[in-house]
Amino acid sequence: MGSSDDRLLIKNIGYLATMDAGRSLRRDAWVETQSGWITAIGSGKPPEYKEVGGKVIDAGGGIALPGLINTHHHFYQNLARAYTPATDLPLLPWLVCITPPFRGLTADDVFIAAKVAMAELMLSGCTTTVDHHYLFPKSGSGLIEAEFSAAVEMGMRFHAGRGSMDVASEIIPEWAIETVDEIMNDCQQLHDRYHDPARGSMNRLFLAPSALTCASHTLLTESARMAASLDLGLHTHCGETREEDQYALEHLGKRQLPFLAECGWETDRVWLAHGIHFDSGEIAHLGQRKMGIAHCPCSNMRLGSGVCRVSDLQKAGAKVGLGVDGSASNDSGHMLNEARQALLLARVTRGAGAMSTMDAIELATTEGAACIGRRDDLGSLEVGKCADLAIFPAEDLFSSGAENVFEALLLCFPRQVQTLIINGKVRVEEGRIKNLNLANLLAKHRKIADRIQNRG
Ligand SMILES: [Zn+2]
């Protein structure tokens with residue numbers, strides 16, 4: 001056991017959504033943690049800490065959730081938010097537009113972009129994030145390494161997706177592709193250096209060819225083989241637009257899912273970004289194989305891609321988590337807002353009863369954890385799980401007057417956390433990220449964004 005100084009008592013929690021199997025919503029609750037793990041949860045009078053030591057946090061009657069889990073992102077794209085040439089385009093022309101400015105991307109750029117992305121995510125309640133970085137111009141080396149460094153500095157739980165592209169086209173330029181050997185060697189090295197498979201891990205690697213429009217049969221097959229042998233997650237974009245289906249039929253001779261199946265991707269280690277345009281047979285298949293989907297409502301609406309059939313996928317047995325997607329197509333990275341948008345979008349096509357606040361929070365917590373292979377230690381607040389908590393103020397200007405204070409968390413304008421705890425450590429206090437000079441970080445980010453945007 002750790003010493004008393006790594007103990008934490010969070011008391012005076014007005015509403016505690018544990019997201020356990022019974023979806024318990026406790027009132028007047030407290031949580032005790034030690035050495036990064038939850039050791040006790042209760043309601044009413046909390047343990048007395050005067051004698052045993054440890055830090056006490058007063059949640060001020062706020063709302064506590066398990067730390068939110070982001071299952072799809074492209075950090076570097078926050079250097080091209082609201083990028084004028086691409087603001088009103090659908091996916092493929094948008095991609096053609098936003099890729100060239102990043103030809104000179106460096107590890108320093110990625111490091112700063114990652115810190116900004118993580119700061120934004122943390123303030124929105126996110127404690128675990130993935131990043132799917134797929135662009136490796138010759139100008140830059142050590143890009144994934146830079147992301148891991150940023151995660152350590154920010155104290156975030158981080159799963160890095162080593163993205164990859166080996167097929168150039170009118171969408172993806174020659175300078176942005178690598179050979180399969182280069183890619184697989186780098187994946188192995190990153191695995192050896194960073195991947196920690198243990199429960200409670202802060203750093204993991206997954207393999208993530210970008211999409212079927214820019215990854216060959218060989219790359220997809222080799223990635224699946226390595227993921228199986230090293231027990232890593234496997235991720236790609238799939239089913240985002242009808243144009244990609246068309247591309248698959250013309251160039252691959254079949255729809256995307258059967259092609260992925262041929263490459264060894266029919267496994268529960270796989271989660272696919274977007275997953276909008278699947279037919280009912282494909283949805284049943286995804287469910288039978290216990291595959292996951294990273295639902296990205298904001299990006300799907302922004303690019304006009306379509307509406308993911310969340311409830312059909314869930315009924316079939318598939319896992320559905322939430323992703324903010326890259327900030328050039330969202331154009332923000334606010335996880336609580338993503339849950340709110342998932343709730344609203346589900347109701348557009350299926351009516352007011354289609355998704356509840358609890359349903360949406362489940363996507364952002366337990367289901368996200370399941371997608372990235374962390375069902376055993378993340379996603380819910382239970383004794384023995386990781387001490388990752390997001391605490392939001394019970395009421396603010398935008399929710400003032402709410403009858404149901406808990407539901408207001410999603411039904412009203414999404415707020416930021418007052419306190420964020422990751423791995424038993426307080427990372428956000430009184431709404432501010434500790435040990436971070438935000439103004440300084442944003443000034444550096446602005447400078448890089450100016451350089452990148454003028455390059456196009
Ligand atoms: Zn994406």
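Predicted model: local features only at pLDDT ≥ 70, side-chain atom pairs only at ≥ 80, totals over all residues.
## Overall form

The protein chain contains 14 helices and 17 strands. A compact globule with 456 residues would have a radius of gyration near 23 Å, and the protein chain has 21 Å, which agrees.

Of the 456 residues, 53% count as buried. Contacts between residues at least 6 apart in sequence can be sorted by how far apart the partners are along the chain. In the protein chain, 75% of these contacts join residues at least 24 apart.

## Two domains

The domain assignment divides the protein chain into domain 1 (4-66 + 379-433) and domain 2 (68-371). The centres of domain 1 and domain 2, taken over C-alpha atoms, are separated by 29 Å. The contact between them takes 26 residues from domain 1 and 29 residues from domain 2.

Which elements supply the side of domain 1 that touches domain 2? The strands β5 (63-66), β14 (389-392), β15 (419-422) and β16 (425-429) each supply at least two residues, and so does the helix α13 (408-411).

## Antiparallel strands at the start of the chain

Strands of a sheet pair through backbone hydrogen bonds, either parallel or antiparallel. Strand β1 (residues 7-17) and strand β2 (residues 25-34) run antiparallel and are joined by eight bridges. In this pair, arginine 7 stands opposite glutamine 34 in β2.

Strand β2 is also joined to strand β3 (residues 37-43), again antiparallel, by six bridges. Here valine 31 stands opposite isoleucine 41 in β3. The hairpin of β2 and β3 has two residues between the strands, and serine 35 takes a positive phi near 50 degrees in this hairpin.

## The parallel sheet

An open sheet of eight strands has parallel pairing, with the order β6-β7-β8-β9-β10-β11-β12-β13. Which strands are at its edges? They are β6 (68-70) and β13 (319-322), each of which pairs on one side only. From one strand to the next, the twist averages 25 degrees. Within the sheet, strand β11 (residues 270-274) and strand β12 (residues 292-295) pair in the parallel sense over three bridges. Alanine 273 stands opposite alanine 294 in β12.

Helix α2 packs on the sheet, where it touches β6 and β7 (126-133). The direction of α2 makes about 145 degrees with that of β7. Helix α4 (residues 180-194) lies across β8 (157-164) and β9 (203-209). The angle between α4 and β9 is about 165 degrees.

## The nonpolar core

The largest nonpolar core has 146 residues, and those with the most contacts inside it are Met118, Met122 and Ala339. Helix α2 (residues 107-123) gives the most to this core, with twelve residues. Where does the core lie relative to the domains? Domain 1 and domain 2 both give residues to it, so the core lies between them.

Leaving aside its neighbours within four places in sequence, methionine 122 is in contact with Met154, Met156, Leu420, Arg427, Val428 and Ile433.

## Two loop residues

Arginine 81 lies in the loop between β6 and α1 (91-98). Is arginine 81 buried or partly exposed? A residue needs 20 or more other C-beta atoms within 10 Å to be buried, and partly exposed residues fall between that and 12. Arginine 81 has 17 C-beta neighbours inside 10 Å, so it counts as partly exposed. Not counting residues up to four places away in sequence, arginine 81 touches Ser327, Ala328 and Asp331. The C-alpha atoms of arginine 81 and serine 332 are separated by 7.9 Å, although these residues are 251 residues apart along the chain.

Alanine 354 is found in the loop between α11 (335-350) and α12 (357-371). With 16 other C-beta atoms within 10 Å, alanine 354 is partly exposed. Its contacts, leaving aside neighbours within four places in sequence, are with Ser311, Ala346 and Arg347. Leucine 343 is eleven residues from alanine 354 along the chain, and the C-alpha atoms of the two are separated by 7.9 Å.

Key:
Residues numbered from 1 in each chain as written. Pairing = 2+ DSSP bridges. Helix = DSSP H or I, 4+ residues; strand = E, 2+ residues; numbered from the N terminus. Core = buried A, V, L, I, M, F, W, Y, C linked by C-beta atoms within 7 Å. Domains from an automatic or database assignment. Contact = placed C-beta atoms within 7 Å. Rg over C-alpha atoms; globule rule 2.2 N^0.38 Å. Axes fitted to C-alpha atoms, helices over the stretch in contact; angles between N-to-C directions.
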